[in-house]
Amino acid sequence: MKQIIHVTTREQLNQCLDIRKEVFVQEQEVDESLEIDEFDESPDSCYHVLVQQDDQPLATGRMRPYTDDTMKLQRIAVLKASRGTGAGKTVVLALEDEARRAGYAYTLLDAQCQAEVFYRKLGYVTISTETFLDAGIPHVRMKKTL
């Protein structure tokens, strides 16, 4: 069974960063200086989740306030071996649950175009009129009412 961890320790945060480095930096060749930012400095810098199974990290994501009523989901990453297992959906739903609990009405995210269908299945609607590049990768902006 998948375990959702609300990141509170440096060790847990490092596991999240390791997943992101493997997915974004190694697989997708995003420059590490673009991937790791001020919201990764400590577990308190941003709200992070880590999904594990049998004590093995599978996926991660983070979120932070975007506007008064909208939380922005970011850096959602699933290790290659765990794709298709529901780990990504688990991350998104855990972040949405926390955003809802915190009183936010919407979640927003910038999805890689190749993941747009995945997010659409989770109830997200594309709100950008054109694709845009983020770290050299085509993205669309998507939003969901919680």
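Select Ala59 to begin: you'll find it in strand β3 (residues 56-65), a strand being a DSSP run of E with at least two residues, numbered from the N terminus. This is a predicted model, where local features need pLDDT of at least 70, side-chain atom pairs count only at pLDDT 80 or more, and totals for chains, interfaces and linings use all residues. Residues are numbered from 1 along each chain as its sequence is written, and side-chain values use heavy atoms, with hydrogens and water left out.

Is Ala59 buried or exposed? Ala59 counts as buried because its relative accessibility is 0% (buried means under 20% relative accessible area, exposed over 50%, partly exposed in between, with a 1.4 Å probe and protein chains only). Now show what touches Ala59: leaving out residues up to four places away in sequence, its contacts include Ile19, Val49, Ala77, Ala87 and Val91 (contact means heavy atoms within 4.5 Å).

Next, select residues 87-101, which make up helix α3 (a DSSP run of H or I, at least four residues). Its 15 residues reach 21 Å from first C-alpha to last, close to the 21 Å expected at 1.5 Å a residue; that expected span is 1.5 Å times one less than the number of residues. Among the buried residues of α3 are Ala87, Val91 and Glu98. Just after α3, click Gly103, which has a positive phi of about 95°.

Last stop: Lys72, in strand β4 (residues 70-78). Lys72 counts as buried, because its relative accessibility is 10%.
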